[in-house]
Amino acid sequence: MTDSTTVPVPAERWGIFRPNRLAVMLILAALAAWPGALGELTRSLMVDAYVQVSVFVAATLMLFYGAERLFNFDIGTALKNARGAQVPLAALLGATPGCGGAVVVVAAYSSGNVGFGAVVATLTATMGDAAFLLIATRPDAAAIVLPLSFVVGILSGWIVDKFHSHEYRTVTQSSCEIAPRLGRIRLTDWAYLALVVPGLIVGGAQLAQIEVSHVAGVPILPIALAGTFLGLFIWSTSILTAMTNTQDAPVTRMAEETSFISVWVIGAYLAYDYVAEFGGLDIGLLFQSVAPLLPLMGVLVGFIPGCGPQVLVTTLYINGVIPFAAVMGNAISNDGDALFPAIALNPRAAVVATVYSALPALIVAYAFHFLAPGFMN
């Protein structure tokens with residue numbers, strides 16, 4: 001835990017591979033280079049993951065972090081002064097795609113700027129990084145999931161503030177940062193941003209049902225693969241886990257967090273299609289056999305800290321394997337990466353807030369399961 005005066009990470013700590021991440025990058029490179037059907041499928045899925053998800057994540061993060069830097073807005077102070085609007089603001093921050101908004105509220109709770117109801121509201125409303133994937137691939141579903149999670153978050157926060165008076169603060173600081181600073185902008189950050197631009201053109205064209213295979217005369221395949229593996233390089237050499245320091249430049253934060261999210265998206269894409277293509281297993285039929293349990297499974301997976309499992313749940317929904325009820329329950333119950341700092345700062349608060357989110361998640365999930373079983377499937 002550091003404050004806003006954290007000294008930037010020395011340059012010599014950059015570019016050092018983390019063994020487990022290096023192994024993942026090398027395995028993915030080998031799969032992409034593999035001859036025959038395996039390599040062709042892998043490259044195709046990497047391109048899809050890049051132009052369908054990664055570039056949109058990068059664009060959203062640049063807008064979000066750029067606006068934050070431009071207007072120099074102190075969210076913690078704003079929340080403290082919000083009084084009656086504190087819970088709705090916390091839920092709105094949680095409903096923002098990604099985990100940054102929810103992390104801010106968790107840190108504000110430890111600083112004494114918000115009450116426990118705001119923590120429950122933000123953790124209930126957040127869908128974490130899985131929101132980026134849903135927005136990019138199923139915007140119609142995202143238009144239901146995110147606003148509904150926001151409303152449920154507000155109601156949950158208000159109910160908790162009315163009936164729960166106990167606080168769990170164990171850390172009291174006027175300012176705190178979840179991650180160490182990286183300092184100056186790196187060449188890889190600018191390179192990643194440069195590769196995002198043509199990928200965003202292709203991704204936008206696909207959303208408009210326009211097939212684009214070249215940008216400025218360059219095939220999209222090498223562009224997407226270059227962006228994919230540059231992201232893997234940034235991820236495999238990063239000292240961060242997922243979140244970035246608010247003092248770092250927007251382009252650095254975008255490159256770091258998009259790379260982290262992209263690894264999970266690639267993994268989810270490959271896992272599903274490999275099983276479907278080479279495993280001889282009908283995943284859809286397998287899940288249909290336990291259909292009544294799928295909303296409950298979505299809620300339970302949401303208890304797992306981090307965004308990886310939640311990205312996998314969203315991927316299964318996108319591929320038509322699990323129903324909308326399951327992804328809706330998961331969206332409400334999951335806390336994304338915000339659960340990590342919550343556990344580190346106030347473990348009891350994190351556990352209780354997660355438990356509190358389970359009840360509305362089950363209610364909403366099974367309401368869709370029984371009352372609208374085919375909705376958004």
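**Figure 1. Contacts across the whole chain.** Of the contacts in the protein chain with a separation of 6 or more, 83% join residues 24 or more positions apart. The model is predicted. Its secondary structure comes to 17 helices and 2 strands. The protein chain has 377 residues, and 53% of them count as buried.

**Figure 2. Helix α11 against helix α14.** Helix α11 covers residues 250-278, and helix α14 covers residues 308-318. The two pack at an angle of about 45°. Their axes lie 9 Å apart. Angles from 65 to 115 degrees count as roughly perpendicular, and those under 35 degrees as roughly parallel. α11 and α14 are therefore oblique to each other. The crossing of α11 past α14 is right-handed.

**Figure 3. Side by side: the residues where α11 meets α14.** From α11 come Trp-264, Val-265, Ala-268, Tyr-269 and Tyr-272. From α14 come Gly-308, Val-311, Leu-312, Thr-315 and Leu-316. By class, this contact of α11 with α14 has 8 nonpolar and 2 polar residues. Charged residues are absent from it.

**Figure 4. Helix α7 and its cover.** Helix α7 runs over residues 130-137. It is mostly covered, with 6 of its 8 residues buried. The buried residues are Ala-130, Ala-131, Phe-132, Leu-133, Leu-134 and Ala-136. What covers them includes α2 (36-71), α8 (139-163) and α9 (187-207). Helices α11 and α14 are also among the elements that cover the buried residues of α7.

**Figure 5. Helix α4.** Helix α4 spans residues 86-95. This helix, too, is mostly covered. Of its 10 residues, 7 are buried. Gln-86 and Val-87 are buried, as are Ala-90 and Ala-91. Leu-93, Gly-94 and Ala-95 complete the buried set of α4.

**Figure 6. Thr-228 in helix α10.** Thr-228 lies in α10, which runs over residues 220-236. Is Thr-228 buried or exposed? Its relative accessibility is 7%. Buried means under 20%, so Thr-228 counts as buried. Neighbours within four places in sequence are left aside here. Beyond them, Thr-228 is in contact with Met-46, Tyr-50 and Ile-266.

Definitions and conventions. Residues numbered from 1 in each chain as written. Predicted model: local features only at pLDDT ≥ 70, side-chain atom pairs only at ≥ 80, totals over all residues. Heavy atoms only, no water. Helix = DSSP H or I, 4+ residues; strand = E, 2+ residues; numbered from the N terminus. Buried < 20%, exposed > 50% of the residue type's maximum accessible area, 1.4 Å probe, protein only. Contact = heavy atoms within 4.5 Å. Axes fitted to C-alpha atoms, helices over the stretch in contact; angles between N-to-C directions. Parallel < 35°, antiparallel > 145°, perpendicular 65-115°, else oblique. Left-handed = near helix turned anticlockwise from the far one by under 90°. Nonpolar A, V, L, I, M, F, W, Y, C, P; charged D, E, K, R; others polar.
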